[in-house]
Amino acid sequence: IPFVDLGLDGEICEGESYEFIASADDVTSYLWQDDSDGETFIATESGDYWVKVTDEYGCVAADTAALLVHELPEVDLGPDTTYCGDDGLIFDVSEYGVSYDWFNGDISSTFTAYTQTQDQEIWVDVTNEYGCVGSDTVVVRFCGELEIPSAFTPNDGDNINPTWAIEALFAFPDATVDIYNRWGDRVFHSNGYSSDQYWDGTDEKGKKLPMDSYYYVIDLKNGEEPIVGTVTIIR
């Protein structure tokens, strides 16, 4: 009787394939359960697989092995959303697997998205206990538009554009705003920038500044590069 061995049962993840190899000596033909006749068989579905081999004397031997196909983790980060908040938007994928790989290299089971001025595409790969990987992607959009005026007119009495108003900065409570004159001296600083903190064209001592262009640096404290530019006082 000839010898044939398919080896141990196999395990793969959904979407992969498994090659059964019929290890045999001095045989002349192979017959698999689907009537194919090669030395190997490619399987993609769970089930039992067998092969029969025949030698030159017409003697037959057979072996059977099983394949188990594991499903991929069905990771769900939720629908695309718009967010402006102080605490951050938390995504938790701990229920889907045992190891995690976020778009930014983080390997924890949770990720917190903070308010950004641009759309964020957030994705994660989750690996389960069988080594199978599932993924999902979500887009988090900013709730407004960060419109930064290039000039304002802090004239006495007319109440038209009296301050340098950047309304959307309310969504970044940790932001800092620094303004410098043409010689590099800082004339204004604020932690946060709500309506009661808007720059009114005075220096840090309350002295009115002359009509000129000033340089600003806005650090949103959310991981983005600081925003830089110029703003002109018109009197």
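A residue is called buried when its relative accessible area is under 20%, exposed when it is over 50%, and partly exposed in between. The model discussed here is predicted.

**Phe41.** Because its relative accessibility is 11%, Phe41 counts as buried. Phe41 belongs to strand 6, which covers residues 40-43. Leaving aside residues up to four places away in sequence, Phe41 touches Tyr18, Glu19, Phe20, Trp32, Gln33, Asp34, Ser36 and Tyr49. Ile21 lies 20 residues from Phe41 along the chain, yet the C-alpha atoms of the two are separated by 6.7 Å.

**Two loop residues with positive phi.** Asp26 and Lys221 are residues other than glycine, and each has a positive phi value. Asp26 lies in the loop between strand 4 (23-24) and strand 5 (29-32), while Lys221 lies in the loop between strand 18 (212-219) and strand 19 (227-233). Asp26 is exposed because its relative accessible area is 70%; Lys221 counts as partly exposed because its relative accessibility is 49%. The table sets out these values.

| Residue | Phi | Relative accessibility |
|---|---|---|
| Asp26 | near 55° | 70%, exposed |
| Lys221 | near 60° | 49%, partly exposed |

Four strands make up an open sheet of mixed pairing, in the order 9-14-13-11. Its edge strands are strand 9 (81-83) and strand 11 (99-102), each of which pairs on one side only. From one strand to the next, the twist averages 30°. Within this sheet, strand 13 (residues 120-127) pairs with strand 14 in the antiparallel sense, over eight bridges. Trp123 stands opposite Thr137 of strand 14.

**Asp136.** Strand 14 (residues 133-142) also holds Asp136. A polar atom of the Asp136 side chain does, however, lie 2.7 Å from the backbone nitrogen of Leu77. Leu77 is also one of the residues that Asp136 touches, along with Val75, Asp76, Gly78, Ile122, Trp123 and Val124, when residues up to four places away in sequence are not counted.

Terms used:
Residues numbered from 1 in each chain as written. Predicted model: local features only at pLDDT ≥ 70, side-chain atom pairs only at ≥ 80, totals over all residues. Heavy atoms only, no water. Polar contact = N/O pair within 3.5 Å; in protein donor to acceptor, adjacent residues only side chain to side chain. Contact = heavy atoms within 4.5 Å. Buried < 20%, exposed > 50% of the residue type's maximum accessible area, 1.4 Å probe, protein only. Pairing = 2+ DSSP bridges. Axes fitted to C-alpha atoms, helices over the stretch in contact; angles between N-to-C directions.
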